[in-house]
Protein chains: 2
Amino acid sequence: MARSSTTSDVFNALADAHRREVLDTLITGEKAVGAIVKRLSMSQPQVSKHLRVLRAVGLVGCRAEGRRRLYRLESARLAPLHEWLAKYEQAMNDRLDRVDNYLKELQQQGERR
Amino acid sequence: MARSSTTSDVFNALADAHRREVLDTLITGEKAVGAIVKRLSMSQPQVSKHLRVLRAVGLVGCRAEGRRRLYRLESARLAPLHEWLAKYEQAMNDRLDRVDNYLKELQQQGERR
DNA sequence: GCATTATATGCTGATATCAACATATATCAA
DNA sequence: TTGATATATGTTGATATCAGCATATAATGC
């Protein structure tokens with residue numbers, strides 16, 4: 001096994017900093033490849049390839065308009081990340097709750113004296 | 001450039017599914033290497049190495065207890081992920097707000113007729 | 001000290017990944 | 001049609017990454 005291939009796993013696709021930069025440029029809305037290239041200091045083929053990976057995992061969508069291709073963010077595909085993080089938050093909160101209860105118990109014992 | 005090295009970047013460290021599994025086992029609390037090995041179907045050296053990577057990026061901490069090493073989750077280091085995601089949520093909400101305003105405008109125009 | 005248990009590290013070979021460059025495809029305009 | 005613009009794809013070489021195995025280190029118990 002290993003890294004489940006950059007093209008099938010959202011986590012993997014996001015592992016590359018350049019790819020995250022590309023994604024960042026799409027936050028403000030749909031953009032053509034050229035616009036992204038201009039904004040970032042990457043070559044056009046480089047951007048195209050990163051977009052390809054992002055599209056393969058569904059993080060971006062694409063529509064053709066004349067000779068340009070407009071890419072857009074598919075934020076729904078960030079759900080796996082969300083869920084994953086939520087799991088950890090949940091665990092953290094549970095842990096904090098337990099600490100909290102423990103502290104309350106200590107306090108009650110103190111009051112009983 | 002490229003992947004900023006699995007040992008320096010949280011995103012990169014989380015790119016590996018096995019590493020995420022290891023991390024998952026720590027959600028319920030501190031565990032020794034052997035306990036993790038037992039729970040997952042990985043070799044001991046494999047787990048040790050993944051833990052090393054996780055420790056390098058600060059996602060886990062470690063303390064020695066006799067001949068065992070107890071690893072614990074350092075959930076604070078998930079902040080980069082959080083912040084990154086938050087940025088996208090923010091953007092999505094703003095976008096939705098705009099759609100909302102637009103719809104309201106349309107509605108008002110309709111009422112004015 | 002010696003054996004045992006728990007964990008870490010070193011090495012190897014297979015595979016993946018990336019940037020860079022060249023080149024192909026497609027659309028538009030004259 | 002020809003040329004220009006916009007984007008995608010192919011190839012290469014350097015590097016990273018992983019699993020697997022062997023081995024080293026360290027703590028414990030006899």
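Two residues are in contact if their C-beta atoms, placed from the backbone, lie within 7 Å. By that rule, the contact between the chains takes 21 residues from chain B and 21 residues from chain A. This is a predicted model, in which local features need pLDDT of at least 70 and side-chain atom pairs count only at pLDDT 80 or more, while totals for chains, interfaces and linings use all residues. Residues are numbered from 1 along each chain as its sequence is written, and chains are lettered from A and ligands numbered from 1 in the order in which they are written.

**Interface**
- Of the interface residues of chain B, 100% are also interface residues in chain A, so the copies meet through the same surface.

**Helix α4 of chain B**
- B:Val47, B:His50, B:Leu51 and B:Leu54 are buried in α4(B) (20 or more other C-beta atoms within 10 Å of the residue's own, with C-beta atoms placed from the backbone).
- Seen down the axis of α4(B), the buried residues fall within an arc of 105 degrees, so they line one face of the helix; the arc is that of the directions from the helix axis to the C-beta atoms.
- On the other side of α4(B), B:Pro45 and B:Arg52 are exposed (12 or fewer such atoms).
- Helices are DSSP runs (H or I, at least four residues), numbered from the N terminus.

Note on methods
Helix = DSSP H or I, 4+ residues; strand = E, 2+ residues; numbered from the N terminus.
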